[in-house]
Amino acid sequence: MEASKNYNLRTFALELLAIVLALLFLVPFYFVIVNSMKSFGDLLVNSANLPKSINFDNYVKVWGIMKFPKVFTNSLIITVFSNLGLVVIGSMAAYRLVRFPSKFNNLLFLAFVAAMVIPFQSIMIPLVKVASEVGLMDSKLGLIFCYFGFGISMTVFLYHGFVKAIPREIEESATVDGCTPYGVFWKIIFPLLKPMSVTIILLNSLWIWNDFLLPLLVLNSPDLRTIPLATYSFFGQYTKQWDMALAALVLGVIPIVAFFLAMQRFIIEGITAGSVKG
């Protein structure tokens with residue numbers, strides 16, 4: 001009864017507005033999925049209409065042309081190992097900066113924060129030159145190291161605020177029980193960072209999986225192409241194979257959407273944990 005009293009015209013209007021906005025955000029997905037099942041001619045005639053019949057020929061062709069299992073494996077390896085490195089390096093760096101404050105550590109943290117606002121386009125030419133000098137070009141390992149450099153600023157920044165909320169008493173009691181400094185971090189602190197780790201992995205995965213420019217600069221061999229690079233091959237100078245490209249986009253989006261849905265429960269847990277700590 002009380003809930004019905006709280007439900008008024010204003011609440012209904014807000015719900016209606018939220019539904020309309022959600023539908024607007026879903027419109028691009030509609031065009032991509034619907035047109036990926038059309039022939040090139042049907043797509044040019046009317047891109048808004050539903051397909052006359054459900055046709056997966058584009059997906060079959062794209063699977064072979066892109067060598068999808070190969071490019072999927074490349075993207076997966078790069079995303080997974082980049083995330084592992086960023087989580088390990090970022091969490092340890094943030095813990096050190098928070099628990100051992102000094103002028104140098106404060107300046108280092110400010111440097112990390114400042115690096116977040118530097119646009120990638122301003123340093124991509126020096127990056128290619130440095131990567132060439134140290135032998136990081138045209139290799140998955142080299143690209144992963146580049147992601148370490150570009151992703152560590154935001155990772156340290158997010159971990160830094162979360163580590164501050166962990167009371168020192170937990171570490172002190174573990175030290176009294178004979179735990180080593182590394183034991184304190186990996187057995188006590190790192191498990192408490194799980195909500196933030198999940199958030200960081202999700203954000204970095206969305207960035208790395210969909211990134212186009214950095215792999216384009218670093219990777220030259222066709223066998224090392226990621227999904228975005230393979231999708232770009234359908235856009236030539238004089239022709240654009242939209243039917244194939246849209247099918248490739250759907251194949252590339254499905255894994256990251258599935259990952260997001262699988263991690264949804266942990267994201268909610270992370271938001272809840274953050275609100276309790278606050």
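**Loops, helices and buried residues in a predicted model**

D138 is placed in the loop between α7 (124-133) and α8, where helices (H or I, at least four residues) and strands (E, at least two) are DSSP runs numbered from the N terminus. The structure is a predicted model, in which local features need pLDDT of at least 70 and side-chain atom pairs count only at pLDDT 80 or more, while totals for chains, interfaces and linings use all residues. Residues are numbered from 1 along each chain as its sequence is written, and side-chain values use heavy atoms, with hydrogens and water left out.

Although D138 is not a glycine, its phi is positive, at about 55 degrees. D138 counts as partly exposed because its relative accessibility is 28%; buried means under 20% relative accessible area and exposed over 50%, with partly exposed in between (1.4 Å probe, protein chains only). A positive phi of about 55 degrees is also found at K67, again a residue that is not a glycine. K67 belongs to the loop between α4 (57-66) and α5, and with a relative accessible area of 52% it is exposed.

D138 is also one of the residues in contact with L224, contact meaning heavy atoms within 4.5 Å. With neighbours within four places in sequence left aside, the contacts of L224 are N74, D138, S139, K140 and L219. L224 itself lies in the loop between α12 (213-218) and α13 (227-232), and it counts as buried because its relative accessibility is 15%. Between L224 and N8, which are 216 residues apart in sequence, the distance from C-alpha to C-alpha is 57 Å.

Another loop residue, K38, is located between α2 (9-35) and α3 (40-45). K38 is buried but has no salt bridge, and the nearest side chain of opposite charge, that of D42, is 7.6 Å away. The side chain of K38 does, however, reach the backbone oxygen of N46 at 2.8 Å. Beyond its neighbours within four places in sequence, K38 is in contact with residues including L43, N46, S47, A48, N58 and D243.

A search of the whole structure finds one salt bridge. In that pairing the side chains of E171 and R99 meet at 2.5 Å, N to O. Because E171 lies in helix α9 (residues 168-176) and R99 in helix α5 (residues 68-99), the pair ties together parts that are 72 residues apart in sequence. E171 is buried, with a relative accessible area of 9%, and R99 likewise counts as buried, at 8% relative accessibility.

Helix α8 (residues 140-164) contains H160, and Y147 lies in helix α8 as well. H160 counts as buried because its relative accessibility is 8%, and, apart from neighbours within four places in sequence, H160 is in contact with A94, L97, V98 and F109. Y147 counts as buried at 1% relative accessibility. Not counting residues up to four places away in sequence, Y147 touches I78, S82, L86, I152, W207, I208, D211, L214 and P215. With D211, the side chain of Y147 forms a polar contact of 2.7 Å, that is, a pair of N or O atoms within 3.5 Å, of which, within protein, one must be able to donate a hydrogen and the other to accept it, residues adjacent in sequence counting only if both atoms are side-chain atoms. The C-alpha atoms of Y147 and N83 are separated by 8.9 Å, and the two residues are 64 residues apart along the chain. In helix α6 (residues 103-115) lies F104, which counts as exposed because its relative accessibility is 60%. F104 and L44 are 60 residues apart in sequence and 60 Å apart in space, C-alpha to C-alpha.

Two packed helices are described by the angle between their axes and the distance between the axes. The axes of helix α10 (residues 181-192) and helix α11 (residues 194-210) come within 5 Å and cross at roughly 65 degrees; axes are lines fitted to C-alpha atoms, for helices over the stretch in contact, and angles run from 0 to 180 degrees between N-to-C directions. F190, P191 and L192 of α10 make this contact with K194, P195 and S197 of α11.

Terms used. Lys and Arg count as positive and Asp and Glu as negative; His and the chain ends are not counted. A salt bridge is a side-chain nitrogen of Lys or Arg within 4 Å of a carboxyl oxygen of Asp or Glu.
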